[in-house]
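Thanks for coming. I have one model to go through today, and I will start with the overall layout and then take a few residues in turn.

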Amino acid sequence: MSRVCQVTGAEVGFGRNVSFSHRRTNRRFDANIQRKRYWVPSLGRHVTLRVSARGIKTIDVRGIEAVIASILARGGRV
């Protein structure tokens, strides 16, 4: 499963671990991606989205209809 939020576009970030002796090793910052299932009245069906925690909050504020419309407008799949 790709680690990209369908609502916000949040994805994996890269950086370094720095030890006490200042040795640097590569690491990755994974986005908090979860699979959520929403009922979309305009489509008349459930939609499963891969969303981050911030994406879930965005859906709560804007509403699922507006979020789905913006995903479809930019050519995304739901």
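First, a term: helices (H or I, at least four residues) and strands (E, at least two) are DSSP runs, numbered from the N terminus. T58, for example, is found in helix α1, and I will come back to T58.

Two notes on the source. This is a predicted model, in which local features need pLDDT of at least 70 and side-chain atom pairs count only at pLDDT 80 or more, while totals for chains, interfaces and linings use all residues. Residues are numbered from 1 along each chain as its sequence is written, and side-chain values use heavy atoms, with hydrogens and water left out.

Now the chain as a whole. Its secondary structure comes to two helices and four strands, and from the N terminus on, the order is β-β-β-β-α-α. The C-alpha atoms fill a box of roughly 55 × 20 × 15 Å, taken along the principal axes. The radius of gyration, taken over C-alpha atoms, is set against a globule rule of 2.2 Å times the number of residues to the power 0.38. A compact globule of 78 residues would come out near 12 Å by that rule, but this chain has 16 Å.

On burial, the cut-offs are these: buried means under 20% relative accessible area, exposed over 50%, and partly exposed in between, with a 1.4 Å probe and protein chains only. Of the 78 residues, 24% count as buried. The accessible surface comes to about 5600 Å², and 50% of that belongs to carbon and sulfur atoms. Those areas come from the Shrake-Rupley method with a 1.4 Å probe; for residues, only the protein chains shown count as cover.

For contacts, the cut-off is heavy atoms within 4.5 Å. Among contacts between residues at least 6 apart in sequence, 36% join residues at least 24 apart.

Next, the helices. Which residues of α1 are buried? They are G55, I56, T58 and I59. They cover an arc of only 160 degrees around the axis, so they sit on the same side of α1. The arc here is that of the directions from the helix axis to the C-beta atoms. On the other side of α1, R54, D60 and V61 are exposed. The cover over the buried residues of α1 includes β3, β4 and α2. After α1 comes G63, with a positive phi near 95 degrees.

Back to T58. T58 counts as buried because its relative accessibility is 19%. Leaving out residues up to four places away in sequence, T58 touches V7, T8, G63 and V67. The T58 side chain also reaches the backbone oxygen of R54 at 2.9 Å.

The other helix, α2, spans residues 64-73, and I64, V67, I68 and I71 are buried there. Their arc is only 100 degrees around the axis, which puts them on the same side of α2. What covers them includes β3 (33-40), β4 (45-52) and α1 (53-62). G75 follows α2, and its phi is positive, near 85 degrees.

Now Q6, in the segment before β1 (13-18). Is Q6 buried or exposed? Q6 is buried, because its relative accessible area is 17%. Beyond residues up to four places away in sequence, Q6 touches T48, L49, R50, I71, R74 and R77. A polar atom of the Q6 side chain lies 2.8 Å from the backbone nitrogen of R50.

N26 lies in strand β2 (residues 24-29) and, at 63% relative accessibility, counts as exposed. N26 and G15 are 11 residues apart in sequence and 6.0 Å apart in space, C-alpha to C-alpha. The side chains of N26 and R16 are joined by a polar contact of 3.3 Å. A polar contact is a pair of N or O atoms within 3.5 Å; within protein, one must be able to donate a hydrogen and the other to accept it, and residues adjacent in sequence count only if both atoms are side-chain atoms.

Last, charges. Side chains of opposite charge can pair when their charged atoms come close. A salt bridge is a side-chain nitrogen of Lys or Arg within 4 Å of a carboxyl oxygen of Asp or Glu. How many does that rule give? The count comes to one. D30 forms a salt bridge with R28, the closest N and O atoms being 3.0 Å apart. D30 is partly exposed at 41% relative accessibility, and R28 is partly exposed at 44%.
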